[in-house]
Structure formats: C-alpha cells, structure tokens
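Subject: Handover of a structure and notes on its features

Dear colleague,

Please find below the structure that I am handing over to you. I would be grateful if you would read the notes that follow with the model open beside them.

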Amino acid sequence: MLLKRNFKQQTINGVQSGHGSVAFQGVQLNVHCYVVDSVLIDTGAKSLEHLYMPFFRQTDITQVVITHFHEDHTGCAAFLQKELQLPIYMDDKILEYCKKKADYPMYRKLFWGKRLPFHAQEMGETFSSSNTTWDVIKTPGHAIGHLAFLNRETGQLFTGDLYCQEKTKVILREESIPMIIESLKRVLTYDFDDVFCSHAGYLENGRHALERKLNYLLELQEKVISLYNNGMTSIQIKKILFPKKYPIILLSSGEWDSIHIIDSIIQG
C-alpha cells in the first residue's frame, strides 16, 4: 500500500514544531510534537520516526512529556528512551499499558505504525524545565489519562487532542463529549493565550478557539438531549445532526463515528 509521508518543522513564538503527516486514499492524518525550554511534548508516530529523528537529534531536549497514550503521540517514545536516553513522563493511569506491545486496529497501524513498548514515569501536578514551572492539567474525555501542559512563563498551552477542530463531527467509540466539555471548562480557568494543538497545530487567539469549541459542544449537547427527550433514537438523531458520511467512518469500521458523539451525550 502506497502511503505518502511528509514532515516539516518551524518555530512559532519560540516553540519548535515538528509536523508529520500520513496520507492514504484521500485520507490525510496530521500530528505535531513540540519542543520548548528543552521539553519535548509528545513524540509523533512510529511510521514517521525516520522523518522525526533529525528533528529530535538537532533539538535541545532533556525530558519528554506525553499528553496521552495514543500511538500517534507515543510512537517514537521507545527510540527517544533507548537511543537518546531521555526520561519520559505521562499520567499514571496508562503507565502499565505503555510497557506492553501496543494493541490497536490495523488501519491505525497502517497510518501510524506499531508503537514499541517503553517505560514512562508518573507526572506530578507540576514539572520544571530549564527556565520555568509548568502546570499539568487533567483533561480527560478523548483518552484515559489525557493531560494538557501550561508553560507559566510564556502562557502557552499545549492541549494534545483536546481541541483538534472547532466543530467535532466524529469521535472514537470510547470518547466522552460531556467529559471533554468539563475539560475545556477546566483549562479555560487558567491564564493563557497561545494554544498548540497536536493535530491542528498553532491556534492564533487560542483561548477564543477553545471557547468557540466549548460553545459548539454545549449547543450540540443541548440539541441531542432535546431530540432524545422527544423520543428519537441515536440513529435518528445522527441523520438529523450528522447526515454526511465521513471517510474515516468506513476506514475505521466504525471506531470513529458521529453516533459515538450522540451516545456519549445520552449516556453522560
């Protein structure tokens, strides 16, 4: 199978960004990792490791912090630990999972490769880098143990997959829209402006972008609850709110789907 892989790097407001992408049959997936004040935030995907290696080697990195365990964020962790001898930190809920061979569907292995085992250490409520202290903010909803990181010195917030896009149309089966709403509310209590998303990249006026996403999800939640209370099923609600058939639904055999948005709201 022919996959197109690309990588580019740039510096935005003092943050070095490594942006990788994988494309297959009209579907392109993107992932960013960031280096600031000697901290690497997320590691990119195993399938892009050969493209990320020069970026890692030429950048001043003394520690790695990971927003969550998904393979596009942890794929190069084993390389960074073994070859560059870097300590890795993440939420304690997922440490044991990452020590084992990763188990996820074939289409994800196609795009992101097979993540190798690695040994991470537990994150605290804060951590220190070369010149500043960071806040570690728990932001569950997209994944177990999802974290966001706030650089107190610069007011820059690194949100992992909390944002991704303003108007969410599909989510993973295990995601929870009500939990994402609460996580957005939580980060918005902090003082920041710049936002660096793992998939959308740098967000200008990042606080406003997160506020818009929160408002969209609150309105969507209200619509779903109203339709459900009027006797509609999840499938009927999906046809009204999400009539479009997104390619990722077929590609993932339903692991990604709009109906998971509806179900998570009803169950929540």
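The notes below take up the sheets, the pockets, a few individual loop residues and the end of the chain in turn. Please bear in mind throughout that this is a predicted model.

Seven strands make up an open sheet with mixed pairing, arranged in the order 1-2-3-4-5-6-7. Its edges are strand 1 (4-12) and strand 7 (121-122); each has a single partner strand, so one side of each lacks a neighbour in the sheet. L40 is placed opposite V64 of strand 5.

**Strand 10 and its partners**

Strand 10 (residues 147-151) is mostly covered, with five of its five residues buried. L147, F149 and N151 point one way from the strand, while A148 and L150 point the other way. Strand 10 pairs with strand 9 (residues 133-138) in the antiparallel sense over five bridges, and A148 is the bridge partner of I137. The pairing of strand 10 with strand 11 is also antiparallel and runs over three bridges; here L150 has L157 as its bridge partner. Strands 10 and 11 form a hairpin with four residues between them, in which G155 adopts a positive phi near 70°.

The largest pocket holds about 870 Å³ of space. Its lining comprises 33 residues, and those nearest the centre are L29, C164, V170, H199 and W256. Two or more lining residues come from each of strand 3 (27-36), helix 2 (71-74), helix 5 (106-112), strand 12 (171-172), helix 6 (177-187), helix 7 (206-229) and helix 9 (247-251). By class, the lining of this pocket contains 18 nonpolar, eight polar and seven charged residues.

The second largest pocket has a volume of about 160 Å³. Among the residues that line this second pocket are F69, H70, K93, P140, G141, E174, E175 and M179. Its lining divides into five nonpolar, four polar and three charged residues.

**Two residues with positive phi**

Most residues other than glycine have a negative phi. D42, which is not a glycine, has a positive phi of about 70°. D42 belongs to the loop between strand 4 and helix 1 (49-58), and it counts as buried because its relative accessible area is 0%. C164 is likewise a residue other than glycine with a positive phi, in this case near 65°. C164 sits in the loop between strand 11 (156-158) and strand 12. With a relative accessible area of 29%, C164 is partly exposed, and it is one of the residues nearest the centre of the largest pocket.

**Two further loop positions**

D92 is located in the loop between strand 6 (88-90) and helix 4 (95-98). D92 is partly exposed, at 39% relative accessible area.

G254 is located in the loop between helix 9 and strand 15 (256-257). The relative accessibility of G254 is 12%, so this residue counts as buried. Leaving aside neighbours within four places in sequence, G254 is in contact with R173, I249 and H260. G254 and I171 are 83 residues apart in sequence, and their C-alpha atoms are 9.8 Å apart.

**Helices 8 and 10**

In helix 10 (residues 259-267), the buried residues are I259, H260, I261, I262, S264 and I265. These buried residues pack against strand 12, helix 6, helix 7, helix 8 and strand 15.

Which residues does S234 touch, not counting those up to four places away in sequence? They are I259, I262, D263 and I266. S234 itself lies in helix 8 (residues 234-241). It counts as buried because its relative accessibility is 17%, which is under the 20% limit for that class. The side chains of S234 and D263 are joined by a polar contact of 2.6 Å.

Yours sincerely

Key: Residues are numbered from 1 along each chain as its sequence is written. This is a predicted model: local features need pLDDT of at least 70, side-chain atom pairs count only at pLDDT 80 or more; totals for chains, interfaces and linings use all residues. Side-chain values use heavy atoms; hydrogens and water are left out. Buried means under 20% relative accessible area, exposed over 50%, partly exposed in between (1.4 Å probe, protein chains only). A polar contact is a pair of N or O atoms within 3.5 Å; within protein, one must be able to donate a hydrogen and the other to accept it, and residues adjacent in sequence count only if both atoms are side-chain atoms. Contact means heavy atoms within 4.5 Å. On a 1 Å grid over the protein atoms alone, a cavity is a set of points where a 1.4 Å probe fits but cannot get out, and a pocket is an open set with protein on both sides within 12 Å along at least five of seven lines; lining residues have an atom within 4 Å of a point. Grid points are joined across faces, edges and corners, and a volume is the space filled by probe spheres set on the points. Ala, Val, Leu, Ile, Met, Phe, Trp, Tyr, Cys and Pro count as nonpolar, Asp, Glu, Lys and Arg as charged, and the others, Gly among them, as polar. Two strands pair if DSSP finds at least two bridges between them.
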